[in-house]
Amino acid sequence: MEYNVGIIKGDCIGPEIVDEAMKVLDKVAEKFGHVFHYEQLLLGGASIDEYGVPLTDDTLKKAREKDAVLMGSIGGDTTTSPWYKLPADKRPEAGLLAIRKGLGLFANLRPAVLYEELKQACPLRDSIIGDGFDLMVMRELTGGLYFGERKTVTENGIRKAYDSLAYDENEIRRITIKGFETAMKRRKKVTSVDKANVLDSSRLWRKVVEEVAKDYPEVTLEHMLVDNCAMQLVRNPKQFDVILTENMFGDILSDEASMVTGSIGMLSSASMGEGKFGLYEPSHGSAPDIAGMNKANPIATILSAAMMLRYSFDLDQEADAVEAAVKEVLKQGLRTGDIMSEGKELIGTKEMGDAIAACI
Ligand code: IPM
Ligand code: MG
C-alpha cells in the first residue's frame, strides 16, 4: 500500500530523532512492500525562523491532506531562545496547540509501559512494581483550560489573570468513547479522573462518562479524584489500564506516569480525531541541551511511528515488527545515554536507529 506521511521534524533534537524513525519506516516499507511518501512541514521554532509564526495555514492545510503526520519535538530553551521573547501566541508551543485544534485531534493516547530490560530505571521499589505495568493515559486534547477564554486585566491597580475551564457534553462523550474503545482492546478497565468534589466541569464529566459506560458492560469503570490519582500512580501503577481524563489533568498525569517508567525517552504518543488520521510524536520534549550531538534517544519517535502504522494505517503486523525490533536491541544491551546502565553498550542516536532498522 501507499501512504502519505507529513513529517514535522521540529526543533532541537527533533530532526535527529525523526530521521531515525524514517530510517525504520523505510525498512518496514522495504520488508513489507509498502511505499511511504514523505513531505516535510514546518511547525514551532522552525516555522518561526522561516515565516515568523509557529504554524502557517499552508502547513495546516498540507497536514490535513496526509494520511498521518509524524512529528519530532518542538520548542527550545525557554530562558535563552529568542522564540521565547515573542508574545505567548507566537511561541513554538502555540503552534502545537493550534495544529491539534486545527486538525481536530481531541484524543491524546499516551502509553506508559515499564520495559523488563529497563526495570532498574524505574524509580519505584521492586515490591511496588513487581512484574511491571502497562497503562494508557487517554487525555482530552482540544478543550478545557487550554482552549478556554483567558485574559489578564488590571482592576483597581491590581493585576488579575483569568483562565476558564469549560467542557460541553459532546466533547466529553467523544473522548470517553475513545477511552472505552481503547479499554476494550486492552484489559477492559477505565479509570476516569476528575475533580468532581470541586469543579462543575468534572461533575458533568462524571455524568457523561457514566452514560457512555452503559454501552460497554464488559468494561469496569471507576472514578478517581485527580489528587488521589497522582498518588496512586506512584503507590500502585499496576492498578491502571486506561486513565481517561481532561486536558490539563492529562498533561500532568501523563508526565508523572512517564517518569514512573523511568524512561521517558521510550514513550510514544498519538493524537487522533474521529477518523484514522493521527499525529504521532514522542512524549518527551525537545531536549535543547543535547541537540545536534547524536545523543538523543530516538526510540520514543520510532515507537510513535509504530503507533502510526497501527492506528492510522491498520498495519498491525508491521507495528508489531517495529516494537519487537526495539525490544530486541534492548536485549542486545544497546543503550542511549538516558537509559544507560552498567554493563550495557552506550551508542548514539544514529546507531540506535541503525540497530533497530537492522532487526526489522
Ligand atoms: C505536552 C506538552 C504541551 C502541552 C505543551 C508543550 C504546550 O506539555 O504535549 O504534554 O501542555 O500539551
Ligand atoms: Mg505535557
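In which strand does Thr191 lie? Thr191 lies in strand β8, residues 189-194. Helices (H or I, at least four residues) and strands (E, at least two) are DSSP runs, numbered from the N terminus. Thr191 counts as buried, at 0% relative accessibility. Buried means under 20% relative accessible area, exposed over 50%, and partly exposed in between, with a 1.4 Å probe and protein chains only. Leaving out residues up to four places away in sequence, Thr191 touches Glu222, Met224, Phe240, Val242, Ile243 and Leu244. Contact means heavy atoms within 4.5 Å.

This is a predicted model: local features need pLDDT of at least 70, side-chain atom pairs count only at pLDDT 80 or more, and totals for chains, interfaces and linings use all residues. Residues are numbered from 1 along each chain as its sequence is written, chains are lettered from A and ligands numbered from 1 in the order in which they are written, and side-chain values use heavy atoms, with hydrogens and water left out.

Now the cores. A nonpolar core is a set of buried Ala, Val, Leu, Ile, Met, Phe, Trp, Tyr and Cys residues joined through side-chain atoms within 4.5 Å. The largest one has 63 residues. Phe36, Leu70, Leu309, Phe313 and Ile356 touch the most other members. Helix α10 (residues 299-312) gives the largest share of this core, eight residues. A second, separate core has 19 residues, including Leu114, Met224, Phe240 and Val260.

Setting aside neighbours within four places in sequence, its contacts include Val5, Ile7, Ala21, Tyr280, Ala305 and Met308.

Next, the rings. The structure holds five aromatic pairs. Rings of Phe, Tyr and Trp (its six-membered ring) pair if their centres lie within 6.5 Å; planes under 30 degrees apart count as stacked, over 60 as edge-to-face and the rest as tilted. Tyr3 and Phe313 have ring centres 4.2 Å apart and planes at 20 degrees, so this pair is stacked. Tyr3 is in strand β1 (residues 2-10), and Phe313 is in the loop between α10 and α11 (316-331), so the pair ties together parts 310 residues apart in sequence. Phe36 and Phe313 are stacked too, because their centres are 6.2 Å apart and their planes at 25 degrees. Phe36 lies in strand β2 (residues 35-40), so its pair with Phe313 ties together parts 277 residues apart in sequence. Tyr3 is buried. Phe36 is buried at 8% relative accessible area, and Phe313 at 7%.

Charges also meet rings. The charged end of Lys101 sits over the ring of Phe147, 4.7 Å from its centre. Arg139 places its charged end over the ring of Tyr146, 5.2 Å from the centre. A charge sits over a ring if NZ of Lys or CZ of Arg is within 6 Å of the ring centre and within 35 degrees of the ring normal.

Helix α3 (residues 57-65) has two sides. Thr59, Leu60 and Ala63 are buried. They cover an arc of only 100 degrees around the axis, which puts them on the same side of α3. The arc is that of the directions from the helix axis to the C-beta atoms. The buried residues pack against β3 (68-73) and α4 (92-102). Asp57 and Glu65, on the other side, are exposed.

Last, the cysteines. The structure holds zero disulfides. A disulfide is a pair of cysteine sulfur atoms within 2.5 Å. For Cys122, the nearest cysteine sulfur is that of Cys229, 16 Å away. Cys122 is buried at 6% relative accessibility, whereas Cys12 is partly exposed at 25%.
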